[in-house]
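Morning, everyone. Please have a look at the chain on the screen before I go through the contacts.

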Amino acid sequence: MENSIILYSCYFCSMLQDLKVIELAGVLAGPAVGMFFVEMGAQVTKIENPLTGGDITRQWKIENEDINAATSSYFASVNWNKKHLFLNYTKEDKLQQLYALIADADVLICNWKQGDALRYKLDFQTILKLNPTIIYGCITGFGDDVNRVAYDAVLQAETGWMFMNGEVDEKPLKIPVAIIYLFAAHQLKEGILIALINKLKTGEGCEVSVSLYDAAIAALANQASNYLNTGNIPKPIGSLHPNIAPYGEIITCADGKQLLLAIGTDKQFKQFCDILDCSFLSEDERFSSNKNRVKNRTVLMSIIYEKPIEFKGKELLDICIKKGIPVGTVNNLEEVFQNPQAQKLILEDAIGKRVKTAVFKITKPLN
């Protein structure tokens, strides 16, 4: 078997090297789709508006960034290895220049406000006349029929994510990454790839669209099912899991290092109790099954929290890993990127550093 396959790392994949992509999108969701295709080897040309200084995220800088720099770290995060073209397509000659690029492209990525595609003469039907085989990928905020400006925080608020997130009895919190944008980007990537497969079979172009709202709802997963099947409205419980215990609880070790617990089976719980020298907990009927632990998690953790942890963080982590007990160290980003595995996921070019967005691998039979 070892000699029958060769591993292709999709970090620097060239499977789509002949694919031409035009990116008319800004901020995060659309550009994340464009960067995915760059990482797959495609030629991606990002069109930016010179009247506004280009993609607005060029100016979204944190406090310690150079105010005079041409780009921000935010912009760098999803714009690796793209060709950047500043083009004011509200002018007819520049629009014709853009049309020429689109006519030779395989994929167009955009995220218009309602009505803008028609106003700029860049709607799907117009583009289809220029290029009948184009895959027209479009991201909207709340769908085609809702005229609202859509930002990630607003979507997190309106689709239940903020209401569920945060500590008990504290104000709602958004997730500190624009996760709804990334959900939508994944949805659009999947749709475009399916459309490309269809194009190979039929030669036909098509429009692929997704709204941030739909992507956010689709990602609610078990939380949505819990509500739809039981009527339960999930409330903020911090990092805890509504279906599993102890899962999301954090313990502090002798050296101050924090470990998060993600114990999903009765066997794991018993082993963990044995390690901490509190086997009586796994024998207590209140904690002997996951169902009972979920019901009595507050009592359970009050006992565990009161017991001094005699292990240092790395020591306890290693013991748990060896026994197959799922726990994890609570790391800041400096600690994260000290890990050689994380370092392998860094991409760098003239505008900065970012992490790879396509981290799957593909194996191919040897000829």
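I will take the salt bridges, then the cysteines.

This is a predicted model, where local features need pLDDT of at least 70, side-chain atom pairs count only at pLDDT 80 or more, and totals for chains, interfaces and linings use all residues. Residues are numbered from 1 along each chain as its sequence is written, and side-chain values use heavy atoms, with hydrogens and water left out.

A salt bridge here is a side-chain nitrogen of Lys or Arg within 4 Å of a carboxyl oxygen of Asp or Glu. The count comes to 15 salt bridges. One of them joins E249 and R297, at 3.0 Å from N to O. E249 is in strand 8 (residues 247–252) and R297 in helix 14 (residues 297–306), so this pair ties together parts 48 residues apart in sequence. Helices (H or I, at least four residues) and strands (E, at least two) are DSSP runs, numbered from the N terminus. E249 counts as buried at 4% relative accessibility, and R297 counts as buried at 11%. Buried means under 20% relative accessible area, exposed over 50%, and partly exposed in between, with a 1.4 Å probe and protein chains only.

R293 bridges to D266, with the closest N and O atoms 3.0 Å apart. R293 is buried at 0%, whereas D266 is partly exposed at 40%.

Now the cysteines. How many disulfides are there? The count is zero, a disulfide being a pair of cysteine sulfur atoms within 2.5 Å. For C273, the nearest cysteine sulfur is that of C278, 4.5 Å away. C273 is buried, with a relative accessible area of 0%.
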